[in-house]
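Welcome! Take a look at the structure first, then read on.

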Amino acid sequence: MNESTTTRLTEGERRLVEINGIDIIDEAERTAKPVDLFWPWFAANVSVFGISWGSFVLGFGISFWQALLVTVVGVVLSFLFCGVIAIAGKRGSAPTMVLSRAAFGVNGQKVPGVFSWLISMGWETFLAIMAVLATATIFEQLGWASGTTTKVLAIVVIAGLIILASVAGYHTIMRLQSVLTWVTGAVTIAYIAMTWDQVDFAAIQAIEPGPLSAVIGALVMLMTGFGLGWINIAADWSRYQRRDAPGSAIVLWNTVGGALAPVLLVIYGLLLVGSRPDLEEGIVNDPIGTLATILPTWFLLPFLLAAVLALVSGAVLGIYSSGLTLLSLGVNIPRPAAAGIDGTIMTLGAVWVVFFAQSFLGPFQSFLITLGVPIAVWAGILMADIALRRRDYDERALFDPRGRYGSWSWTPIALMIVGSVVGWGLVINQFADEASWNNWQGYLLGLGLGGRDGTWAWANLGVLAALVIGFVGWLVLGRAAVRRQEEGIVPAPTDQPDQPNRVTH
């Protein structure tokens, strides 16, 4: 690399707004260490909202000890999957959905890309809504204005923070996350200390255990709500890693950063809600606001600030990555503009839910499970693809339909179709009244699983089935294709059935 190029890139790093989009990160900019991955993942997940998940888990009708087991296993395993996919970022210096072109083809990647963009938009909108509702509830507890004006101002401020940070990009976000980690972490610890007297171990021990189907259902919900909810953006934050960074270290710090706070927070949520089941109804519609009701008045403002900042932190990661996914779908605009477009859609979604929707948590969870099925298939395929590869990606070929990865790879697309059909057939719409548009699922549950009204209907087996179909399917069927790619063989164009040629450089 010549001196002028190095100088230009060094100046680019010092810019407030990241100029990189889905292009390959230059070697001079790849200065991050594996431990740096801890900060964005921890900051995005160290939110008091995690405590409310204790209510969702116990809602499956399982005991505290069963809930404790599925919390640890589900959260850690799901972020471990994120860590595996983060290895691809180090190998290819590109965003997650661009790297999946190696398996799906340069244009074929748009199939999972659409699902990825939708689930990212759903998550970031949900986090923004949570922040707005928490603001209104806490203002009401303080005796301040909490009506329409407060909500409008909250949306403007919260959406503005999310969009500005997302437009700024990687370097600004990394600095922001390292600060937010300490602020939100300290206030969350203070919250636990102030509410510890609410914990009643006798009440917790008295909770009856539930059947295996309920345990698995809670496990899948946790996996989908935590790691699998982030898995489609996992490599976006590792593409700045040094090329010689150990893959094991990337997996480790991604997993620790993502899972540490949620495990501890959900466990405390199990203790708190198990002791105070009266909190459960309020948590359904306003998790953070309900958790604030048991706090002393003087601590409400610090609690609100930390809660909102934690939610903003998670939404920032979502907007940044959804913008990259939008670019990977072929939208030819600068990365900051893509983040701005997604931020605008997020804001409009938040306005609709806060001011017009009667219920949002039910439809959101229904939406999450529905999109979680194809994303689980994709995640299984990409993890298998990473396991099969022995070399770094051909970065130029990721952008060239005539290169070694081709334009369309029909085997993984077929696996996505099969996995989605099977997966959707094994999940049900658990919110049939609030999201009646989704009542078509569960059509395979009558095959020995008791039907849509049986106990196994709530286990969400379809997400696990989709993940396994994607992983095992590509591990078996994709081995030959990966070997051809790594040998430098270009697939023949579909309109020219000649023998493959070797890549010339």
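Trp-237 is in contact with Leu-37, Trp-41, Tyr-170, Ile-173, Met-174, Leu-317, Tyr-320 and Ser-321, leaving aside its neighbours within four places in sequence. Please keep in mind that this is a predicted model.

**The nonpolar core**
- The largest nonpolar core has 160 residues, and Trp-237, Val-57 and Phe-303 touch the most other members.
- Helix α16, which spans residues 300-328, gives this core its largest share, with 16 residues.

**Helix α21**
- In helix α21 (residues 479-486), the buried residues are Ala-481, Val-482, Gln-485 and Glu-486.
- Looking down the axis of α21, you will find its buried residues within an arc of 130°, so they line one face of the helix.
- Gly-488 follows α21 and has a positive phi, near 85°.

**How confident is the model?**
- The protein has a mean pLDDT of 85, with 91% of its residues at 70 or more.
- Residues 1-15 stay under 50 in pLDDT, and the model has 13 contacts for them beyond four places in sequence.
- Residues 494-505 also have pLDDT below 50, and this stretch has 14 contacts in the model beyond near neighbours in sequence.
- Where pLDDT is low, the predicted coordinates should not be read in detail.

Technical notes. Residues numbered from 1 in each chain as written. Predicted model: local features only at pLDDT ≥ 70, side-chain atom pairs only at ≥ 80, totals over all residues. Heavy atoms only, no water. pLDDT = per-residue confidence, 0-100. Contact = heavy atoms within 4.5 Å. Core = buried A, V, L, I, M, F, W, Y, C linked by side-chain atoms within 4.5 Å. Buried < 20%, exposed > 50% of the residue type's maximum accessible area, 1.4 Å probe, protein only. Helix = DSSP H or I, 4+ residues; strand = E, 2+ residues; numbered from the N terminus. Arc of directions from axis to C-beta.
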